[in-house]
Amino acid sequence: MVYTDKEKYSEILSTSLTYLENSGFENIKADAEGYETPKSYHKKGSDIDVTPDIVAEKEGRKHYFELSLKSDEPRLLKSKWLFLNTLSTMTSSRFKIITTRGHYKFTNEMLEDINLTDKKLIKI
């Protein structure tokens, strides 16, 4: 999710955090109240910072989670997903996308546009 949408979708973020806690994830970091903020990555040559929505660990492996919700800035969202996918590949971690009802079509179209159709969605 893009930073401008954080307040709009805070309820979905908290639902996702509850789901991950119940699924056995530990060391959860998120940009939400009561959680530590995940590490941000700065795009060199610009003023853009990329922060994963949720970072958690399970069985010793780090997982990056992104909330896929309709956004006014799909281009920025695509570049964020590509970066996190590359980062997870380089660090032997996992990148997963969480979405909810009403956002499935948007998510699938975005994944097709950036050729990440192999990603399995977590539907909450």
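User: Which lysine lies over the face of Phe25?

Analyst: This is a predicted model. A charge sits over a ring if NZ of Lys is within 6 Å of the ring centre and within 35 degrees of the ring normal. At 5.0 Å from the centre of the Phe25 ring, the residue over its face is Lys58.

User: How are the planes of Phe25 and Phe65 arranged: stacked, tilted or edge-to-face?

Analyst: The ring centres are 5.2 Å apart. Planes over 60 degrees apart count as edge-to-face. The planes of Phe25 and Phe65 stand at 90°, so the pair is edge-to-face.

User: How many residues apart are Phe25 and Phe65?

Analyst: Phe25 is in the loop between α1 (10-22) and β1 (26-30). Phe65 is in strand β5 (residues 61-68). The pair links distant parts of the chain, and the separation is 40 residues.

User: Are Phe25 and Phe65 buried or exposed?

Analyst: Buried means under 20% relative accessible area. Both Phe25 and Phe65 are buried.

User: What radius of gyration does the protein chain have?

Analyst: A compact globule with 124 residues would have a value near 14 Å. The protein chain agrees with that, so the answer is 14 Å.

Notes:
Residues numbered from 1 in each chain as written. Predicted model: local features only at pLDDT ≥ 70, side-chain atom pairs only at ≥ 80, totals over all residues. Heavy atoms only, no water. Phe/Tyr/Trp six-rings, centres within 6.5 Å; stacked < 30°, edge-to-face > 60°. Helix = DSSP H or I, 4+ residues; strand = E, 2+ residues; numbered from the N terminus. Buried < 20%, exposed > 50% of the residue type's maximum accessible area, 1.4 Å probe, protein only. Rg over C-alpha atoms; globule rule 2.2 N^0.38 Å.
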